[in-house]
Amino acid sequence: MAEGKVATAQKSLQDFDPQKSPKRNKYAFACAILASMTSILLGYDIGVMSGAVIYIKRDLKLTDVQIEILVGIINLYSLIGSCLAGRTSDWIGRRYTIVLAGSIFFTGAILMGFSPNYAFLMFARFIAGVGIGYALMIAPVYTTEVSPPSCRGFLTSFPEVFINGGILLGYISNYGFSKLPLHLGWRMMLGVGALPSVILAVGVLAMPESPRWLVMRGRLGEATKVLNKTSDSLEEAQLRLADIKAAAGIPESCSDDVVEVTKQSHGEGVWKEFFLYPTPAVRHILIAALGIHFFQQASGIDAVVLYSPEIFKKAGLESDAEQLLATVAVGFAKTVFILVATFLLDRVGRRPLLLTSVGGMVLSLLALGLGLTVIEQSRVVLKWAVGLSIGTVLSYVATFSIGAGPIAWVYSSEIFPLRLRAQGAAMGVVVNRVTSGVISMTFLSLSDKITIGGAFFLFGGIAACGWIFFYTMLPETQGKTLEEMEGSFGKFAAWSKSNHKDNPQIQLAN
């Protein structure tokens, strides 16, 4: 009997072959959409600032350095929200943390819209940045914890989808309000960003709490109801519940609706396990999660997205309208290809899609650097170089969106063990935002020092280093439950063979 129970406990969700399910779980799909809407807040801010700074600079008479700080500082402000979000979400739950994120950003967006001067605008961006930090951390964590393994990659990529959707809305807002008087146009661009947070606050009322958070609080009855709704079958729901109970230190035989949990996860001992006494698996997970976030941003994506009008100006587009319309094309390219990526994540796998994506980014960045360098050195307009520069901007954001963009969030949110997930995800956001802040706050100055073409050659070299890191350090996670994930890490060079042997689904996919 004992051996039978052990064998049952060791079953994988692959035994139930959820991929044969005729339809995706609609309830989990709806939950993922509502949670991921928080990411619109960041996306809209990124997109809208790319065009708004043209008019802010003219209206408030700002220098390039002040513009760099204004654009990039929100990434550093968001660190406060990200650092607080892990502990907050363990304390009040994932759902109410989403409400808090939307409320803070709403306040910041309204204040930005009414900013009379540069100092007040910086204060308003501080408020909005804290809200963005909360949103960035909590959306992928909640979506990961509520999703069934059969479509976890698809659903967990939604935050990146909504970031891209927000960027596109920001670009469209720029073009739409650019015809207004100078003092009013940029304020409308920024103030309208409050609308998504209102929709979010209403929609979140229909969301359930994360089943993993409910179990950690001892609320097994509620967790069971959520799992029954978000799993592909009742058998799968029972297996997911058993895995979470084991991670929380609750006996598998316990079936009470409410139990006392002695093994709490409020951050106690988490930082020691990360930095003082990490196991080989935890150390590997931490390096992989922080590395994927670093290289995602260090390859220059926010420089392209935030300074698209400036790049297109260097490429030969003279008027504001031409620059803003070309920027809208960037938004469409990013949005279309992120939608393609959502359908490939659970079919192709994280690793092949990521390596293909980053390879395309390297080629696009080097070609963009070449095109901009030729334009800058030439005394006449070379149409082929202009076309190359515009085309490679679009190819760069497309290849980024099909892999590196969504996979950074999917991968880093699913590989941490339950006891470390909230704080681990928060650290990933910190690295992501710090790197983004450095890039966005130095791009104009860097372009002045080494030319704009040289800047993109540098980003191409960093992306190439990222490809090597991903190839050597990131095992495939497709098809594994969150509780099985830790076993894929800690082997470093030896992980590839063992991972494929242990996961027949990946062998078939490859």
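**Overall**

The model is predicted. The protein holds 24 helices and zero strands. Of its 510 residues, 60% are buried. Contacts with a sequence separation of 6 or more were also counted: 82% of them join residues 24 or more positions apart.

**The α3/α4 pair**

Two packed helices are described by the angle between their axes and the distance between the axes. Helix α3 spans residues 39-60, and helix α4 spans residues 64-92. They pack at an angle of about 160°. Their axes lie 11 Å apart. Angles over 145 degrees count as roughly antiparallel, so α3 is roughly antiparallel to α4. The crossing of the two helices is right-handed.

Which residues of α3 and α4 make the contact? From α3 come D45, M49, V53, I56 and K57. From α4 come D64, I67, L70, V71 and I74. By class, the contact has seven nonpolar residues, three charged and no polar ones.

An α-helix has 3.6 residues a turn, so residues three or four places apart point the same way. The α3 list includes D45, M49 and V53. The α4 list includes D64, I67 and L70.

**Helix α12**

Helix α12 covers residues 220-230. Its buried residues are L220, G221, A223, V226, L227 and T230. What do the buried residues of α12 pack against? Their partners are four helices, α2, α6, α11 and α13.

**Two residues**

N432 sits in helix α21, residues 421-450. R419 lies in the loop between α20 (383-414) and α21. Is each one buried or exposed, and at what relative accessible area? The table gives the values.

| Residue | Burial | Relative accessible area |
|---|---|---|
| N432 | buried | 0% |

Buried means under 20% relative accessible area, so N432, at 0%, qualifies as buried. Leaving out residues up to four places away in sequence, N432 touches H293, Q296, Q297 and W409. With Q297 there is also a polar contact, side chain to side chain, at 3.5 Å.

M216 is 203 residues away in sequence, yet the C-alpha atoms of R419 and M216 are separated by 9.3 Å.

Notes. Residues are numbered from 1 along each chain as its sequence is written. This is a predicted model: local features need pLDDT of at least 70, side-chain atom pairs count only at pLDDT 80 or more; totals for chains, interfaces and linings use all residues. Side-chain values use heavy atoms; hydrogens and water are left out. Axes are lines fitted to C-alpha atoms, for helices over the stretch in contact, and angles run from 0 to 180 degrees between N-to-C directions. Angles under 35 degrees count as roughly parallel, over 145 as roughly antiparallel, 65 to 115 as roughly perpendicular and the rest as oblique. A crossing is left-handed if the near helix is turned anticlockwise from the far one by less than a right angle, and right-handed if clockwise. Contact means heavy atoms within 4.5 Å. Ala, Val, Leu, Ile, Met, Phe, Trp, Tyr, Cys and Pro count as nonpolar, Asp, Glu, Lys and Arg as charged, and the others, Gly among them, as polar. Buried means under 20% relative accessible area, exposed over 50%, partly exposed in between (1.4 Å probe, protein chains only). A polar contact is a pair of N or O atoms within 3.5 Å; within protein, one must be able to donate a hydrogen and the other to accept it, and residues adjacent in sequence count only if both atoms are side-chain atoms.
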